[in-house]
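Welcome to this tour! Open your viewer, keep the selection tool handy, and follow along one stop at a time.

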2 protein chains.
Amino acid sequence: MLTITTIKDLAKYLNISVSTVSRALNNHHDVNQTTRENVLQAVEKLNYRPNSVARSLIHKKTYTIGLMVPDIADPFFSSIAVGVEQTLSNNGYQVIYGNTSRDSLKEKQFLESILDRKVDGVILTPNILDQESISTLEKLEIPRVLLRRRTPALLDIPFIDVDHYGGACKAINHLISKGHTNIGFLGMASDSFTSNERLRGYLDTMKKHQLKVSARNQKTAGRTIESGSFAMEALYRESPDITAVFASNDLIGIGALEWLKMEQINVPEQMAVIGFDNLEMSELYSFQLTTIAQPRKQMGQLAAELLLRIINEEENKDSIILETNLIERKTC
Amino acid sequence: MLTITTIKDLAKYLNISVSTVSRALNNHHDVNQTTRENVLQAVEKLNYRPNSVARSLIHKKTYTIGLMVPDIADPFFSSIAVGVEQTLSNNGYQVIYGNTSRDSLKEKQFLESILDRKVDGVILTPNILDQESISTLEKLEIPRVLLRRRTPALLDIPFIDVDHYGGACKAINHLISKGHTNIGFLGMASDSFTSNERLRGYLDTMKKHQLKVSARNQKTAGRTIESGSFAMEALYRESPDITAVFASNDLIGIGALEWLKMEQINVPEQMAVIGFDNLEMSELYSFQLTTIAQPRKQMGQLAAELLLRIINEEENKDSIILETNLIERKTC
DNA sequence: CTGAAAGCGCTTACAG
DNA sequence: CTGAAAGCGCTTACAG
């Protein structure tokens, strides 16, 4: 197969100047119709494709964006990644993705590396917004949006997130409406913003209804289903009087369900469970977990759209907080 | 914060030539020790970082690779993506990922787009190797490896895959060793190479043991758990005499389990089930699916390593077929 | 409408 | 050890 790789060779082949070829290729109006057609034909015939690295250097635009996530194998983030990629590729952008495994060194390396590559923007879910990562983010001089993390007051970075607090309130209100008064909480890591917001919703709603909360009704799980089982066990052992639990995410909720099933504790009769996230697996017959849904794929799309707006300097660069939805199934 | 963005400005600041700065930056030995230190200090002070787009243009090397997957939200591919990203980023490469949604137009667009961007290599899982995609692949003149797809004889592209046929044989042998003689098969789409290989293992092993196979003992599911439930139902309705089923992947197997649970058909007493993949969720207490494990993350790593070997023109660019592992749990 | 020249931000022979 | 020049593959004023 014939292939020509530079505009120079193409120009030579056509016996015209490089500038004319370039103009024809870029749809400039001031090119003779015949010339343009000749160029286009030659492009076809010789399989010429412009080198976009060279183009990027001139235009100072790479049409790539960076996507930094803690773990693409986490179904939460993989759905988001689908939304991001879809929106971006539809707009001619490509996505460089980095898994940080929640390691701040990897976060830093990924950021440096994409900055060197001159990405046009970046969508990030930093693990924890500590002082160091805040200062790193502040130094970022390119368009950026935060995914699933609120901007600390001092920073002016737009974000896409879900109303964790409001969602938690919905969950607890639902439990209360079912007659529960003694409700436990299964949290994620205590340094997690998300978890803390959901905890706050739990606490406030309980108090609003004058229901008792206590430290022993609150347990911390981790990032796995298994950790949810352990946390449920710990909670149940210490507070066997609770009749319902709010799991701060579905993975933990499913873990709780698993342990309850093992112990033959009936759900929802003996123990009601409500989750948060609405993962695909939560709707399986084996779980049918009542949960608070957040639109994951849409979050990815919105983040990409917001970033695009910032890149194109359009109006409306405001953060977006999405509403959650109660999905009632069989566990409460 | 002071920031200087070009080597030219840096040279001006230091009152030396651009070439010397470049040499100092790139650790050439023929630079005066003091000069080098001055440069490095200035780099630090002025936060200078070389533009890697410009570097790429000269070196004809971008240190990026393309990863094309059907669907990153499929747990199978997200695990692979983790392995790929990890290995590649450890070697200074970044990964541009594309979700094709099994759409051949998107496959084509993604490939064109990364080729224009001059990626150094590409790891692909094309959906179906039909004539057109084969010809597209043949035209690919950069290092490439196929993931989870065998190269058709006519093509000389290395691949990483698992021994689907052998794994299926293991599955059926296991079922037979448990005394089953009437075994059904739940397949994926009939144009799927993977599914057909697993079917072949089923068929051959059945025949080897002189066991009867028939079209009505074979049903086709889709890509979802739900489709597995439907296929299980169809199979059971038509062939209620079977005592075991080989689900060609875990998603289908879990779907089958779900339907059996709904119908209160005991597993494994009334119906044994074995899957293929060993997804994380298969080990949950609610499923405990016996299955054939394939090392997903490792496949990603191996694919990345193989690609790196090809890029660096090292020895040993052979395809790798990985062995599977029987994971015995509670469903047969 | 077309071409020559300069330049994007770098690197690398080459000469000194 | 250092600098000037050419060049990677393009684009874009500028002049004609």
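**Before you start**

This is a predicted model, in which local features need pLDDT of at least 70 and side-chain atom pairs count only at pLDDT 80 or more, while totals for chains, interfaces and linings use all residues. Residues are numbered from 1 along each chain as its sequence is written, chains are lettered from A and ligands numbered from 1 in the order in which they are written, and side-chain values use heavy atoms, with hydrogens and water left out.

**Stop 1: DNA strand C**

Of the atoms of DNA strand C that come within 4 Å of the protein, 66% belong to sugar and phosphate.

Now zoom in on the polar contacts (pairs of N or O atoms within 3.5 Å; within protein, one must be able to donate a hydrogen and the other to accept it, and residues adjacent in sequence count only if both atoms are side-chain atoms). Which distance separates a polar backbone atom of Ile7(B) from a phosphate oxygen of DNA strand C? That distance is 2.6 Å.

Next, colour the helices (DSSP runs of H or I with at least four residues, numbered from the N terminus). Helix H2 (18-25) and helix H4 (52-59) of chain A, together with helix H2 (18-25) and helix H4 (52-59) of chain B, are the elements that give two or more residues to the surface near DNA strand C.

Colouring by class gives 10 nonpolar, 13 polar and 6 charged residues on that surface. Here Ala, Val, Leu, Ile, Met, Phe, Trp, Tyr, Cys and Pro count as nonpolar, Asp, Glu, Lys and Arg as charged, and the others, Gly among them, as polar.

**Stop 2: DNA strand D**

Switch to DNA strand D, which 31 residues surround; Ile7(A), Ser22(A), Ile58(A), Arg23(B) and Lys60(B) are the closest. Sugar and phosphate make up 67% of the atoms of DNA strand D that come within 4 Å of the protein.

- Ile7(A): a backbone N or O atom at 2.6 Å.
- Tyr48(A): a polar side-chain atom at 2.9 Å.
- His59(A): a side-chain N or O atom at 3.1 Å.

Which helix gives the largest share of the surface near DNA strand D? H4(A) does, with 5 residues.

**Stop 3: H1(A) and H2(A)**

Show helix H1 (residues 7-14) of chain A beside H2(A): their axes are 8 Å apart, at an angle of about 105°. Axes are lines fitted to C-alpha atoms, for helices over the stretch in contact, and angles run from 0 to 180 degrees between N-to-C directions. H1(A) and H2(A) are therefore roughly perpendicular to each other (65 to 115 degrees counts as roughly perpendicular).

Contact means heavy atoms within 4.5 Å. Ile7(A), Lys8(A), Leu10(A), Ala11(A) and Leu14(A) of H1(A) meet Val18(A), Val21(A), Ser22(A) and Leu25(A) of H2(A). By class, this contact has 7 nonpolar, 1 polar and 1 charged residues.

**Stop 4: H5(A) and H12(A)**

Finally, select helix H5 (residues 75-90) and helix H12 (residues 296-311) of chain A, which pack at about 40° with axes 7 Å apart. Among the residues that meet here are Phe76(A) in H5(A) and Leu308(A) in H12(A).

Note on methods. Near = heavy atom within 4 Å. Parallel < 35°, antiparallel > 145°, perpendicular 65-115°, else oblique.
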